Amino acid sequence: MILLKLASKSLFNRKASVLLSVLTIAISVMMLLSIERVRVDAKSSFANTISGTDLIVGARTGDIQLLLASVFRIGHMNNGVSWQSYQAISSKRGVAWSIPLSLGDAHKGFAVIGTDLSYFEHFRYAKKQPLRFAQGHAFADVNEVVLGADVAQTLGYQLGDNIVVAHGMGNTSFDQHDDNPLTIVGILAPTGTPVDKSVHVPLKAIALMHGSAQADSHEHEHEHEHEHEHEHDEHTSHPSERHEHDQHHGQKHAPHQDLVGTPKQISAFLLGFDSPLYSLQVRHNINQYQPEPLMAIMPTVTLSQLWEMLAIVEKILLLFSLVVVSVSLLGMLTTLLANLSQRRRELAILRSVGAKPWHIFSLMSMEAVLISVIGTALGCGLFYAAMWASRSLLQAHAGISLNITPLSGYELSLVAGIIIAGWIVGILPAARAYFYSLNDGMSIKT
């Protein structure tokens, strides 16, 4: 306790240089914990870019390519899914909901998505959070459009403005659909996902733009209903099961037909199931689908595979944070060594009143530990302040949902490691003070 008291008073007497060392350690601890927390939560948020969706179905291609095109709007799909296959698969038993997606158009560099109202009802992100409207409402007419938050902010659009969609992804536009202007009726709240950079239009509007307006043909709809009923009768043997399935199917596909129509094909579609057991069975059936080559992926599994490909980014972030901590500890070492020659008189007085060399060694190493403890404690405080200040900003612009929770076991081990490293760094000046105390140079000079 006496050594601890002496170490505290010694640090207070050198408060200017000590404060500088404490601040450098605090900033390095804050950066290390922040990078680690953002890394972990970014991985979690990355996996939650699409949440609550059991399967993504598209033409047969690579798993990651299908995920990037349908969820992240990166790349394109060479082939589509026929509308008949979409209806046949989405009407299978166990399917709770389905969301058709038609991609391939753009508006001033932002992806255009043709879909239906089930998109706004069932699409989830970041731990099953639903989409919300910052302004307006979902489209209710074929000539209406809903914008993501970034689209509206970047292009300065307001409700009631008219836009024109072009054929072609990204900034490359091949054909402007000037004859089909769309009126903005809704702007979604920020989500930090690709939804913010998307323009959402009715599925039927895509067909109208591309000159395939089969949606108005009542005859086609009637033929489809007749074919579905015939197919349904063949696969449903029990009358009670047939009645229950017909009722469930009518709930899924009857509403909003005026916004959907019967397009020739779509790019992909999302599926949600009543039970996870259905997803495995339906996924197997889709991958073996005979009418056309299709594939179904589990977004959570494919997202994990994609993150593994980005593991190098994690290593770079960890290396960067360790370099920052190392620099701060070297700064503390430099300060302690620089002050050592100025403290020879102080140490000589301690020796004259009976302090042994190991007392000097313990005192110097204890000072290094105190600086490390105070710096890490301050760094933890700065870390939580930074998390609270940047939480909403990261969620809105980067899609990273930060968890303001106590330090995890791994984070605590990082903090403990910094304190131990500070003690090890302090051994060098402590050892020099120890040997100084053994020679004649440690006498008081007048």
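Me: Are R37 and E411 buried or exposed?

Reply: Both R37 and E411 are buried. Keep in mind as we go that this is a predicted model.

Me: Thanks! What does R37 form with E411, and how far apart are the closest N and O atoms?

Reply: R37 and E411 form a salt bridge, with the closest N and O atoms 2.8 Å apart. R37 sits in helix α2 and E411 in helix α16 (residues 409-436), so this pair ties together parts that are 374 residues apart in sequence.

Me: And how many salt bridges turn up in the whole structure?

Reply: A search of the whole structure gives three. One of them joins E36 and R39, where the closest N and O atoms are 2.7 Å apart. These two residues are three apart in helix α2 (residues 15-47), which means about one helical turn separates them. E36 has 7% relative accessibility, so it counts as buried.

Me: What about K197, which residue does it form a salt bridge with?

Reply: That would be D150, with 3.1 Å between the closest N and O atoms. K197 is in the loop between β12 (182-188) and β13 (198-202), while D150 belongs to helix α6 (residues 149-155), so the pair ties together parts 47 residues apart in sequence. K197 is partly exposed, at a relative accessible area of 46%, whereas D150 counts as buried at 15% relative accessibility.

Me: Back to α2. At what angle does it cross helix α13?

Reply: The axes of α2 and α13 (residues 311-340) cross at roughly 170 degrees and come within 9 Å. Angles over 145 degrees count as roughly antiparallel, so that is how α2 and α13 are described.

Me: Which residues meet there?

Reply: From α2 they include I25, M31, L32 and I35, and from α13 they include L317, F320, V324 and L329. The residues of the contact of α2 with α13 divide into 10 nonpolar, eight polar and two charged.

Me: Let's switch to strands. How many residues of β15 are buried?

Reply: Six of its six residues, so strand β15 (residues 268-273) is mostly covered. A268, L270 and G272 point one way, and F269, L271 and F273 point the other way.

Me: Which strands are joined to β15 by bridges?

Reply: Strand β1 (residues 55-59) is joined to β15 by four bridges, and the two run antiparallel. Here I56 stands opposite L270. Strand β3 (residues 95-107) also runs antiparallel to β15, with six bridges, and P100 has F269 as its bridge partner.

Terms used:
Residues numbered from 1 in each chain as written. Predicted model: local features only at pLDDT ≥ 70, side-chain atom pairs only at ≥ 80, totals over all residues. Heavy atoms only, no water. Salt bridge = Lys/Arg side-chain N within 4 Å of Asp/Glu carboxyl O. Buried < 20%, exposed > 50% of the residue type's maximum accessible area, 1.4 Å probe, protein only. Axes fitted to C-alpha atoms, helices over the stretch in contact; angles between N-to-C directions. Parallel < 35°, antiparallel > 145°, perpendicular 65-115°, else oblique. Contact = heavy atoms within 4.5 Å. Nonpolar A, V, L, I, M, F, W, Y, C, P; charged D, E, K, R; others polar. Pairing = 2+ DSSP bridges.
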